[in-house]
Amino acid sequence: MKVPFVLPFLALTLASFQASALCLYTTESFVGTIAADTAITANGPFTITSAGGCAGANIDATVSAPGAGKAPEIYIEREVGASWVRATFSIGSIASYSGQYGPYRVRLKNSDAVSTAYSGPVRY
């Protein structure tokens, strides 16, 4: 009696596992020093296409400052035409974006009056 209820559930579970398993991500690290009152590209540009099996662009990036320093602001930009447009605003040291395929880059902005070291990963 329980078999008719288990088989559809098992089939749906396997189908959802296979669909999520098809989405392949790349993880890269960035590290360096950013000068005072400066914005730089920490990672990219990189282009996200359907070739990775994902339904769209999904980007997660974090930044930290080694030691006691303050981490720079982090955000993601998307290329629209010939211009780069800010796609996210940071929440602390994290920036996440979910949207359409295309070219992206991860930017850092140091608003402090002194240089700061930084490091972090980006997954897309």
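**Entry 1: Arg 123 and its partner**

I started with Arg 123, which counts as partly exposed at 29% relative accessibility. I am working from a predicted model. Arg 123 forms a salt bridge with Asp 60, and the closest N and O atoms are 2.9 Å apart. Asp 60 sits in strand S3 (residues 57-62) and Arg 123 in strand S8 (residues 116-123), so this pair ties together parts that are 63 residues apart in sequence. I looked up Asp 60 too: it is partly exposed, at 30% relative accessibility.

**Entry 2: the other salt bridges**

How many salt bridges are there? I get a count of five.

Glu 73 and Arg 86 form one of them, with the closest N and O atoms 2.3 Å apart. Glu 73 lies in strand S4 and Arg 86 in strand S5, so the pair links parts that are 13 residues apart in sequence. Glu 73 is partly exposed, with a relative accessible area of 25%, and Arg 86 is partly exposed at 29% relative accessibility.

Next I checked Glu 77, whose side chain meets that of Arg 105 in a salt bridge (2.6 Å, N to O). Glu 77 belongs to strand S4 and Arg 105 to strand S7, so parts 28 residues apart in sequence are tied together. Are these two buried or exposed? Glu 77 counts as buried at 9% relative accessibility, and Arg 105 counts as buried at 15%. I also noted that salt bridges with shared partners join Glu 77, Arg 105 and Arg 107 into one network.

**Entry 3: the sheet around S4**

I then followed the strands. Four of them form an open sheet in the order S2-S7-S4-S5, with antiparallel pairing. Strand S2 (38-48) and strand S5 (83-86) stand at the edges with a single partner strand each, so one side of each has no neighbour in the sheet. From one strand to the next, the twist averages 30 degrees.

S2 is joined to strand S7 (residues 102-110) by eight bridges, and Ile 40 stands opposite Leu 108 in S7. Four bridges join S4 to S5; Val 80 has Ser 83 in S5 as its bridge partner. S4 and S5 form a hairpin with two residues between them, and Gly 81 in the turn has a positive phi of about 65 degrees.

**Entry 4: Arg 78**

My last stop was Arg 78, in strand S4 (residues 73-80).

Methods: Residues numbered from 1 in each chain as written. Predicted model: local features only at pLDDT ≥ 70, side-chain atom pairs only at ≥ 80, totals over all residues. Heavy atoms only, no water. Pairing = 2+ DSSP bridges. Axes fitted to C-alpha atoms, helices over the stretch in contact; angles between N-to-C directions. Salt bridge = Lys/Arg side-chain N within 4 Å of Asp/Glu carboxyl O. Buried < 20%, exposed > 50% of the residue type's maximum accessible area, 1.4 Å probe, protein only.
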